[in-house]
Amino acid sequence: MSDKDFEAIRRLQAERNSANAGKKGSKTFDPSTQRTDTSTKASLTESFDTELYERTAVDKFAGYNNSIATNDGDDDMEDADELNGRRLVGQYTATKAQINEFAGGDTEEADILMTREKQAQIASRETDYQKRRFQRGPLTPTRADPFAANSQAGVQDDGLSYKDIMKTREIEREEERISKIIAEKEANGETGAVVEHQATLKDTPDKENSEAGSTVAVAAVRKRKNRWDTATEPVANGETNGAVEKKKSRWDERVAPGQPQKRPRWDEVPAVGGATPAAAAGLATPMHPSQVAFMPFGGDMRNAPLSDEALNMMLPSEGYKILDPPPGYEPTRVAPSGLMPPTPGVYGGFMMQTPQSNSMMGKQLPTEIPGVGDLQFFKAEDMAYFGKLVDGADEDQMTVEELKERKIMRLLLKVKNGTPAMRKTALRQLTDSARQFNAGPLFNQILPLLMEKTLEDQERHLLVKVIDRILYKLDDLVRPFVHKILVVIEPLLIDQDYYARMEGREIISNLSKAAGLAHMISTMRPDIDHPDEYVRNTTARAFAVVASALGIPALLPFLRAVCKSKRSWAARHTGVKIVQQIPILLGCAVLPHLKGLVDCIAGNLSDEQPRVRTVTSLAIAALAEASNPYGIDSFNDILHPLWTGARRQRGKSLTSFLKAVGYLIPLMDGEYANYYTTQIMEILLREFSSPDEEMKKVVLKVVSQCAGTVGVEKKYLISEVLDEFFKCFWVRRMALDKRNYKQVVETTFDLGQKVGTSQIVERIVDNLKDENEAYRKMTIETIEKVVTSLGAADLDGELDKRLVDGALHTFQEQSVEDDTILNGVGTIINALGTRIDFYLPQIVSTILWRLNNKQATVRMQAADLISRITMALRVCDRDDIMGKLSIILYEYLGEEYPEVLGSILGALRSIVTVVGIDLMQPPVRDLLPRLTPILRNRHEKVQENTIDLVGRIADRGADRVPPREWMRICFELLDMLKAHKKGIRRAANNTFGFIAKAIGPQDVLNTLLNNLRVQERQSRVCTAVAIGIVAETCGPYTVLPALMNEYRVPELNVQNGVLKSLSFLFEYIGEMAKDYVYAITPLLEDALIDRDQVHRQTAASVVKHIALGVVGLGCEDAMLHLLNLVWPNLFETSPHVIDRILEAIDAIRNAVGTGTVMNYAWAGLFHPARKVRQPYWRIYNDAYVQNGDSMVPYYPILDEGSLQRPELAIFL
Amino acid sequence: MADKLRAQQQLEALQARYVGTGHADTTKFEWTSNIARDTYSSYIGHPPMLEYISLGMGQPREKVRAQMIDKMIQPVGKPPAVQD
């Protein structure tokens, strides 16, 4: 880079500057006024409040795993109907990955067609898999509680027993099996000829079993029969009963608790207030009874209930009897008038359209519910649940139960839709009276709400919170509802939202603590081999939570049994899945139970079902990952089957076996690890070229794990692995997929840790000149990572040249600006140290030309690169280049784009840091005047960088700039005190200190004192801080007189400001305060007896800081005087004031001793007025907590005989 | 309202941690009991002080210590009967 080039660029910019300066409204630097941006208006293109809408802010969920795979790589969980996981017929469509590319993850695009309302709903975000929760059907009926206190007495409690549930499950499985066979048949075209299958389950209930059943169940069956089968009653039980059982007509059969079956849906009555919302025909989700009224055809003639006449016509009249409605039957409640369009009575003929269908108008939704008050919102769907509250029924005529129901409803509505304050009290009421409400009525209302499809995050969170709170109170009363709660809460465990998952875990763990292990197991056992995979998956996760709550040892026997289940592979699969989930939840806490868990699943490694084998190896991987680096002993037994398995498997199961091996190898001794690595490497090398994405991912992971293990040697990796690895994975295609890209970079980095920088760089450096940008980026990212961790010492001259050449090429050719390439280039340059000297001219000229680029981002990056390479320039001793660069940068201070200007200032700052103030080119006295107007820039990045630069100059080279300029800067700095970012305010305050030190405090103080008169509170506070800092740096005696003089200004803001500065001042100067105590006391006297509350509050905080400063320095008399003035403020009620007052008293207690202050307090402790006692006890408590021991000698001597403490009177 | 609630909660938390703290409804019996117990535990907690007292009382230190611990049980007599 010759001087001529520098000159050319400098001249170009200078010309541009002068050309721009002529134009009106230009934002460029105007030498006459020294202002760049004369406009005081906010920019139209920048977001105004960058604090709120911060774009550069780190994601607040960073570090959390905010996406969770619903199946943890266990793809075989899907009940795929393909044979051996592949189709026999070719499938010509885009892959799922391609279709979903823009549906989730980083590339997610908002669906603009969805309404905002919809977007807020949880259901609209869910994947198809998560939506399967709606297919779980209605909530199962309440379960019996076999562990309840009264179960011994043989009392029948309502609810299904374990046996009933298991039977239902069996029937469901059978149903599924049959329907599968039927479907198969139909697919094969054999619809006509139905082959008779031997049902595995007999139609009639097993005699022995039913007899062996509990007496209770049998009794119940008999009782029911009597009620329904009136015709058969007089006949002896024997044959009629048998006949009935044989000929199961759907008509006379009622559901007895012992025989749940597939119910005919059409004749079902939605039971209002029943245990569960009944399933409406054809709907996958349960429907709250009152919702029925809102069905789209609610008022339609076609769907109106059949009248008696119509039924008479349709049904035969003989042989049938019209029965009375069963007790407890309640017809569907009619929606309150005005909520449902009244059915027009007359059809045909002329009809006036009257605007009656007001439910369609959207105006009808009440915002105020009687007895609830004003709600934040009320949705149409809420009406289905809370409609009862507006039906205007007379509460005097209701039973206690109904009243209770309404009470709960009101409270829930308040919690769900109310304002925060309402919510709080309602939640408290619900919690406090949970046991009076009882579990049934509570859960019957809460759980259907949680199943609502239009539920939003906030509502769900609140309802879950309600459950959490009442669980504590209800304790074992929840048992009958455990399953229902689980059905509702389990989906939370696979939610995308981290917090939802946490909530789900907490609820289930509290639930298991309340219900007990035995009940949890008996409740969840039937779901373990549920035909629906979704149910099994969520159950497994829930079981893992139970294990973490109640301890693994307690659950281990059960797990062992489940994993060995002979009856169904699904049970084994779920069992192993539970074992897989436990380490994921518990982490290294599984170590004590590792052996037990591994033994549990060891046998399943050679299961006959491939899915079970797959999930077993995944479970082993999870266990090994959690226990890393310990616990290899526990895995000894399964090593052999795992290895032989890995050799035998292909495809999917091989993937999971490799994964397990990959996690096990790092646990081993070096020797073993080496051996096993060489063994597994054959398979890995074979699979390097596998087209399967999943396989690629696993192979990369395993390679990096092997490379990281101690026993694996560099020589081996170089000779056996590297060539093949680079051939298969360092291809352009890998750079295009984000996930692969990341994996490859990581694996290469891990390999690099073993084989050294040169091996890696040598192989990939030429990719830096590839035509594909993503590939270049991947290369430079890898090189950056390797070089950062290992340095560039082992690169030779030739390689250096190629590397720098390539890096510059990449830097120049980049079209998408992001920091990766910039970081890479910066790292490489710094790592090469003195070796970079040779290439510096080339680098600097690149930077200069890019600094001159038309595009703002390019200029910004060039400036950023300068700030990164200043250290390298220093190392090469090229201060001359830095001088030239800073002159160029100085020219560019007229930059219009704030982002770029910020970077330019940053570059100048790092040059100043490196070369020092003295040698800085241009000299500081030229540079600083240019910075003064820039201080006015409102952009955060600019502010941050300028204030830093100015502060640095003020700190080190203040004398090089005339005082007038510093005063000017002082004025500009005052505005900085209003900045949003705390860092900027802090830097500005410190700069005040530096400037005051440089030019003496008088002028600065004057400026600051004047600023106390401004309106803005934040500005005044910061000014007060700045005064404190000035006092600290220049000595309090320079500031105090002026400050005390300022207090005489009869203006509240100023006086408060002075007090505030005094407070900061005494906080900063600490012990020095003892010289100023008597000087300041009269001022404080005045302030402490002021009428204004805030005044006294601030004065109290001054007292606090003084008192803490002078502890033990002999100012007790003054402190006591101040205490006398502070003490009467004790009865203030405003929280801020009373807090400051109490703090002041605490501080004085430290300064004058506990005994003295307590003498003030004894008088009020038992004062007849509560208003007096309260604050006095607060003081007593504070003293007791802070100086309890020193109070002992000072307790008052009570004259009565009871309390005798003569010990301290002992005198030797 | 919310402040009151919070103050109440804070007081409860404080009371849970320090038994000796009081509130506006603390009775004389409770307060004096706490004073007595705190006094004795303070004597016991400062061995030199205990030594001094035992010397003055002319009794072995351990004995004085045991006596003091004993005195902490109902230090000011039986609690007053609850009257409705």
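This is a predicted model: local features need pLDDT of at least 70, side-chain atom pairs count only at pLDDT 80 or more; totals for chains, interfaces and linings use all residues.
A crossing of two helices is called left-handed if the near helix is turned anticlockwise from the far one by less than a right angle, and right-handed if clockwise. By that rule, helix 41 and helix 43 of chain A make a left-handed crossing. Residues are numbered from 1 along each chain as its sequence is written, and chains are lettered from A and ligands numbered from 1 in the order in which they are written.

Let's start with the overall picture. Chain A has 53 helices and two strands, where helices (H or I, at least four residues) and strands (E, at least two) are DSSP runs, numbered from the N terminus. Of its 1212 residues, 37% count as buried. Here buried stands for 20 or more other C-beta atoms within 10 Å of a residue's own, exposed for 12 or fewer, and partly exposed for anything in between, with C-beta atoms placed from the backbone. If you take the contacts in chain A with a separation of 6 or more, 73% come from residues 24 or more positions apart; a contact is a pair of residues whose C-beta atoms, placed from the backbone, lie within 7 Å.

Chain B has four helices and zero strands, and its pattern along the sequence reads α-α-α-α. Buried residues make up 20% of its 84 residues. Among its contacts between residues at least 6 apart, 43% join residues at least 24 apart.

Where do the chains meet? In all, 23 residues of chain B are in contact with 21 residues of chain A. On the chain B side, helix 1 (2-17), helix 2 (28-45) and helix 3 (47-57) each supply at least two residues. Helix 2 of chain B gives the most, with eight residues. By class, the chain B side has eleven nonpolar, nine polar and three charged residues; Ala, Val, Leu, Ile, Met, Phe, Trp, Tyr, Cys and Pro count as nonpolar, Asp, Glu, Lys and Arg as charged, and the others, Gly among them, as polar. As for helix 4 of chain B (residues 61-71), Lys71(B) lies in it. Lys71(B) counts as partly exposed because it has 14 C-beta neighbours inside 10 Å.

Now back to chain A and its helix pairs. Two packed helices are described by the angle between their axes and the distance between the axes. Helix 41 (residues 940-957) and helix 43 (residues 982-999) of chain A pack at about 25°, with axes 9 Å apart; axes are lines fitted to C-alpha atoms, for helices over the stretch in contact, and angles run from 0 to 180 degrees between N-to-C directions. That makes the two helices roughly parallel, since angles under 35 degrees count as roughly parallel, over 145 as roughly antiparallel, 65 to 115 as roughly perpendicular and the rest as oblique. Among the residues that meet here are Ile947(A) and Ala954(A) from helix 41 and Ala987(A) and Phe994(A) from helix 43. This contact has nine nonpolar, five polar and three charged residues.

Another pair to look at is helix 12 (residues 400-417) and helix 13 (residues 420-432) of chain A, whose axes come within 8 Å and cross at roughly 140°. These two are therefore oblique to each other, and their crossing is left-handed. Leu411(A), Lys414(A) and Val415(A) in helix 12 meet residues of helix 13 including Met422(A) and Leu430(A). The classes here are six nonpolar, one polar and two charged.

Helix 32 of chain A (residues 757-764) has four names to find: Thr757(A), Ile760(A), Val761(A) and Ile764(A) are its buried residues. Seen down the axis, they fall within an arc of 95°, so they line one face of the helix; the arc is that of the directions from the helix axis to the C-beta atoms. They pack against helix 31 (738-755), helix 33 (773-790) and helix 34 (797-813) of chain A.

Finally, some loops. Asn628(A) and Pro629(A) are joined by a cis peptide bond, with omega about 5°, and Pro629(A) sits between helix 24 (610-627) and helix 25 (632-648) of chain A. Asp877(A) has a positive phi of about 60° although it is not a glycine, and with 10 C-beta neighbours inside 10 Å it counts as exposed.

Conventions
Two residues are in contact if their C-beta atoms, placed from the backbone, lie within 7 Å.
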